[in-house]
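The entries follow the order of my reading.

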Amino acid sequence: MKVQILTTLGNIQLELDTEKAPKTVENFKAYIDSGHYEGTIFHRVIEDFMIQGGGLDADMNSKDTMNPIENEADNGLSNLEGTIAMARTVEPHSASAQFFINTTDNAFLDHRGKTDDGWGYCVFGKVVEGMDVVEKIEESPTISRSGYQDVPNDVIFIDKIEIISD
């Protein structure tokens, strides 16, 4: 499945891995279909690490989400540069709508075992076009705002995410 993230800094095209992360891709698709991502922002940007978005609006308010999903991080996919993975809390099975795009190889985020600290973060696709846009977002100056750190100084909107092909 291919999807496109339309941002205020340009478009990012992703190829999602429906075979290795079927529940995660289905969850992401449900959020796309519901329009959840429209008007969300990239709210956490850390150079040489990742860019995170999909859960907060420009006023730093969390959007309502569906129930969390099962963590599929044991699927053999690695948090390499240009991959997309699900964000979550310390609880391994807490991912809902937020995602991040790795801007460098982050193997320390990979699944190492079915323990609280070993579960890792589920990779479910990769950037196939628009890595230059990811880099533009990554290079954005950041500030602390509303209790969040590493927030881009200038708001970077996700105008919408659309499905290009199944």
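I first noted that strands (E, at least two residues) and helices (H or I, at least four) are DSSP runs, numbered from the N terminus. The model is predicted: local features need pLDDT of at least 70 and side-chain atom pairs 80 or more, while totals for chains, interfaces and linings use all residues. Residues are numbered from 1 along each chain as its sequence is written, and side-chain values use heavy atoms, without hydrogens and water.

Entry one, the second largest pocket. I took a pocket as an open set of points on a 1 Å grid over the protein atoms alone, where a 1.4 Å probe fits, with protein on both sides within 12 Å along at least five of seven lines; lining residues have an atom within 4 Å of a point. I read a volume of about 180 Å³ for the second largest pocket. Its lining includes Glu15, Asp17, Thr83 and Lys126. Strand S2 (10-16) and strand S7 (123-129) each give two or more residues to this lining, and S7 supplies the largest share, three residues.

Entry two, the largest pocket. I found about 420 Å³ of space there. It is lined by 22 residues, and Gln52, Ala87, Arg88, Thr89 and Gln98 are the closest to its centre.

I located Asn102 in strand S6 (residues 99-102).

Definitions and conventions
Points joined across faces, edges and corners; volume = space filled by probe spheres on them.
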